[in-house]
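Please keep the sequence and the structure in view while reading.

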Amino acid sequence: MQAVTAKARVCAAFGTAIFLFVAPGTFAAFIPWWMSRWRVHASFPGFTAVRAIGALLIVAGMIAVLDAFARFALQGIGTPAPIYPTRRLVVTGSYRYVRNPMYIAVVSLVLGHALFFGDIHVLIYGLCFWLLTHLFVLLYEEPTLRRSFPANYAAFTANVPRWIPRLTPWQGQNR
């Protein structure tokens with residue numbers, strides 16, 4: 001594998017930062033805001049604890065999405081955007097537990113907003129977003145990764161589940 005230049009690292013970091021605002025910014029912040037204007041409604045089944053769960057999902061989702069995006073730029077030397085994909089398959093951090101932590105994080109942000117603000121429309125949007133994401137993963141992302149990283153992705157998929165995290169981290173290597 002060729003050496004990674006400083007220019008490649010800067011381009012990966014810059015592209016990843018832009019894509020962070022474009023994709024998760026749109027799907028996990030702008031669209032839920034547009035739908036709800038962050039108006040607080042009565043909490044789902046009337047329990048204030050549901051709001052706390054929503055807040056925890058938002059915080060956990062933010063941490064996870066930022067970690068996943070950083071790994072794409074710093075370790076994968078690329079972006080999550082299909083137009084500038086990573087040079088290396090990223091299988092560290094939360095990717096040792098589940099194959100799609102970035103998508104799980106974005107869905108957590110949306111569902112967290114729905115629970116925190118008590119908005120059924122945002123909740124339905126979050127469920128639909130997950131379904132569309134699942135179809136995107138099955139129809140585009142997984143076949144593309146199989147072609148791009150045949151041996152590494154085969155080992156990764158054999159050991160790391162798509163949506164439900166493992167209890168222990170996979171010990172595979174980032175190659």
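The protein carries 15 positive and 4 negative side chains, and 8 Å separates the centres of the two sets. The model is predicted. Its secondary structure consists of 5 helices and 0 strands.

**Overall dimensions and surface**

- The radius of gyration is 17 Å, which agrees with the value near 16 Å that a compact globule of 175 residues would have.
- Taken along the principal axes, the C-alpha atoms fill a box of roughly 55 × 35 × 25 Å.
- The accessible surface amounts to about 9,700 Å², and carbon and sulfur atoms account for 73% of that area.
- Of the 175 residues, 41% count as buried.

**Fold and contacts**

- Along the sequence, the elements follow the pattern α-α-α-α-α.
- When contacts between residues at least 6 apart in sequence are taken, 72% of them join residues at least 24 apart.

**His 41**

- His 41 sits in the loop between α1, which spans 6–36, and α2.
- Beyond its neighbours within four places in sequence, His 41 is in contact with Arg 51, Phe 117, Gly 118 and Asp 119.
- With Phe 117, one of these partners, the C-alpha separation is 5.8 Å, although His 41 and Phe 117 are 76 residues apart along the chain.
- With Asp 119, another of the partners, His 41 forms a side-chain to side-chain polar contact of 3.5 Å.

**Thr 92**

- Thr 92 belongs to the loop between α2 (48–74) and α3 (101–117).
- Thr 92 has a relative accessibility of 18% and therefore counts as buried, the limit for buried being under 20%.
- The side chain of Thr 92 makes a polar contact of 2.4 Å with the side chain of Gln 75.

**The two residues side by side**

- Both residues lie in loops: His 41 in the one between α1 and α2, Thr 92 in the one between α2 and α3.

Key. Residues numbered from 1 in each chain as written. Predicted model: local features only at pLDDT ≥ 70, side-chain atom pairs only at ≥ 80, totals over all residues. Heavy atoms only, no water. Helix = DSSP H or I, 4+ residues; strand = E, 2+ residues; numbered from the N terminus. Buried < 20%, exposed > 50% of the residue type's maximum accessible area, 1.4 Å probe, protein only. Polar contact = N/O pair within 3.5 Å; in protein donor to acceptor, adjacent residues only side chain to side chain. Contact = heavy atoms within 4.5 Å. Rg over C-alpha atoms; globule rule 2.2 N^0.38 Å. Areas by Shrake-Rupley, 256 points an atom, 1.4 Å probe, with all protein chains shown as cover. Lys, Arg positive; Asp, Glu negative; His and termini not counted. Charge placed at Lys NZ, Arg CZ, Asp CG, Glu CD.
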